[in-house]
Amino acid sequence: MPTPLIDVDRCKGCELCVFACPERVLEMSPNINAKGYFFPDVARVEDCTGCRYCLLVCPDTAVQVENKGKTTVRTDGLTETPTTYCPGCTHGVIHRLVGEVIAEMGVRQQTVGVAPVGCSVLAYDFFNCDMQQASHGRAMAVATGIKRGRPDLVVFTYQGDGDLASIGMAETVHAANRGEKITVIFVNNAIYGMTGGQMAPTTLPGQIATTCPTGRDVALAGYPIRVVEMLATLRTPAYLARVSVHEPKAIMNAKKAIRKAFKFQIDKTCFSLIEVVSTCPTGWGQQPHEACEWLEEHMLPYFPLGDVKAPEAAH
Amino acid sequence: MAKKLMKGCEAIGEAAIQCGCRLFFGYPITPQNEIPEYMSARMPQVGGVFVQAESEVAASNMLYGAAGAGRRCFTSSSSPGISLMQEGISYLAGAELPVVIVNIMRAGPGLGGILPSQSDYLQATKGGGHGDYRVLVLAPSTVQEAADLTMEAFDLADKYRNPVMILGDGLIGQMMEPVEFKRRIEPEDLPEKPWATTGAVGRGPNIVNSLYLRAEDLEQHNLALGAKYRAMEAEVRHETYRTDDDPDVLIVAYGTVARIARTSIDNLREKGLKVGLFRPVTLFPYPAAALAAAAARAKHVLVAELSMGQMVEDVRAVVAGRVPVDFFGRCGGMVMTAEELAEQAEKLLAVPA
């Protein structure tokens, strides 16, 4: 019988697994773990179908699934260190997808990641590969230096919307335009998380942030930047896609796109950038599951998902 | 290798190649464009990489990546561009990455002008960007010395895991002199850098980083950097000219001005005046002990610079009031003549000490 296995002490109590389970197998426990968080109990194991949705949505790799005598294992693309992200923040999901891809592709030991400034500034503690920490916005310049110096390495950057699309926009456009053979993971959560919820270049029109307390006024701040569409106007071949991590199927698609992005690098084909639309429950002032719904309802109409440019479509 | 007539900028570029550097990242700015131009032609010939960055900010961060991946790399720029690079230089110093940065100084502030200057002395020797750090600063006075010091800069950068700056001015960069490259090192013969991000094979991940969120940890890091900067004092060097007879006036000058001073001194010596030169070659660390000793035997110290007076602050700190320290500077891209400088020295001798 399939069974979700909860690593209680990794759990931050975000409840995303409880909401993701189609069979309502999980329920929040009245008890708290060592960190002070409520955690899910497997309340109706007999209803579990082994779909792994709980595992897919968990930002803290706190869920594994046992099925037919086999148990899923945590990827060695990540270190054992628990992330410092807020409960329910989808950064953790994106970390896991990247970690799984580099591990499954067998390139973990030749990969160098670049951590940005922002919520993922400590990403070097979480990815189980060589890492460099870059100054704000310069991750792609740093990645360019690594890749040009060591073309045999697999180089990725992991950047947020402020880092990539505001302070680092010049580095973004020019790394893409030079066709650097690097993979960029761009986390778009429409807000500045680390500094406390200020307006991002991707904050939606009317969306409230601490530096646009009455909502983003497009007459003053302009419209949110659609990064992949903008980069797609460059003639240089690239793989550019937008994915999301707000629900299990989207997460599976996100992983496929990330894998493709690394493949294009490893095959020396082109620059690749995957924009991952994600949530910031703390910055948005929402429960994690509400944030996933808000993302679907408000962000996806403005930031549509899908491949925006593939290398063969160079024009 | 036979001597070759080269511009200072080209000699710096070739010296980098001769000592195993195969990566250049830079952005054009006058008066050092000959360096990126030379590198763009030469790097492909030796299997190296030339990247014209989108900005000096990006160039300094490309250096960070390449140096962090264990490769010798360098950049060049001129004053306003070096200001833009200070972001990267602070991170390079914080993450202890070995790189070489060439500043062919022009006059400022702001956009200033494109003519030679020494007005970035304080920026170069006192840190330049944010945070407690220093870079080793070497100041060539001839094209040959520019080549020699560039080669040495890469070794010093590796030795101390620290950025090293070659501080020249538009004259050194643009003038042509015969130059000889005294050694040749292939990149594969350079020592391994076990701390670099080269792929975590047979070891745990290496991390290149300047972030220390715990104050206790950052203080320890600052203390370790401080100890390293003190250890660099082993590298101090200077040159003297006509100081054997304890001159009455000791001119202190570096780079181009030191060349001018030599002519002034020769002319004054012909008149029977005892004038000599102390030329710091390392500007950080500063050759303080040697200067203190030389100054103690003089009646006057005259600091000459192409600035409003920057190095003179260090000289005054070293001399500590034991001998009067005077200053003569031209700025804005104006370069003093040997006669002008001689006149200043002569004036000092006319006044009873």
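Hi everyone, let's begin at B:Ile251, which touches B:Ala261, B:Ile265, B:Val275, B:Leu277, B:Leu302, B:Ala304 and B:Ala345, leaving aside residues up to four places away in sequence; contact here means C-beta atoms, placed from the backbone, within 7 Å. This is a predicted model, where local features need pLDDT of at least 70 and side-chain atom pairs count only at pLDDT 80 or more, while totals for chains, interfaces and linings use all residues. Residues are numbered from 1 along each chain as its sequence is written, with chains lettered from A and ligands numbered from 1 in the order written.

Now, the domains of chain B. An automatic or database assignment gives domain 1 (4-234) and domain 2 (238-350). Their centres, over C-alpha atoms, are 28 Å apart. In chain B, 26 residues of domain 1 are in contact with 22 residues of domain 2. On the domain 1 side, H5(B) gives the most, with four residues; helices (H or I, at least four residues) and strands (E, at least two) are DSSP runs, numbered from the N terminus.

And between the chains? The contact takes 27 residues from chain A and 33 residues from chain B. Helix H4 of chain A brings eight residues, the largest share of the chain A side. Strands meet here too: E7(A) and E9(B), residues 207-208 of chain B, pair in the parallel sense over two bridges, where pairing requires at least two DSSP bridges. In that pairing, A:Met131 stands opposite B:Ile207.

Notes: Contact = placed C-beta atoms within 7 Å.
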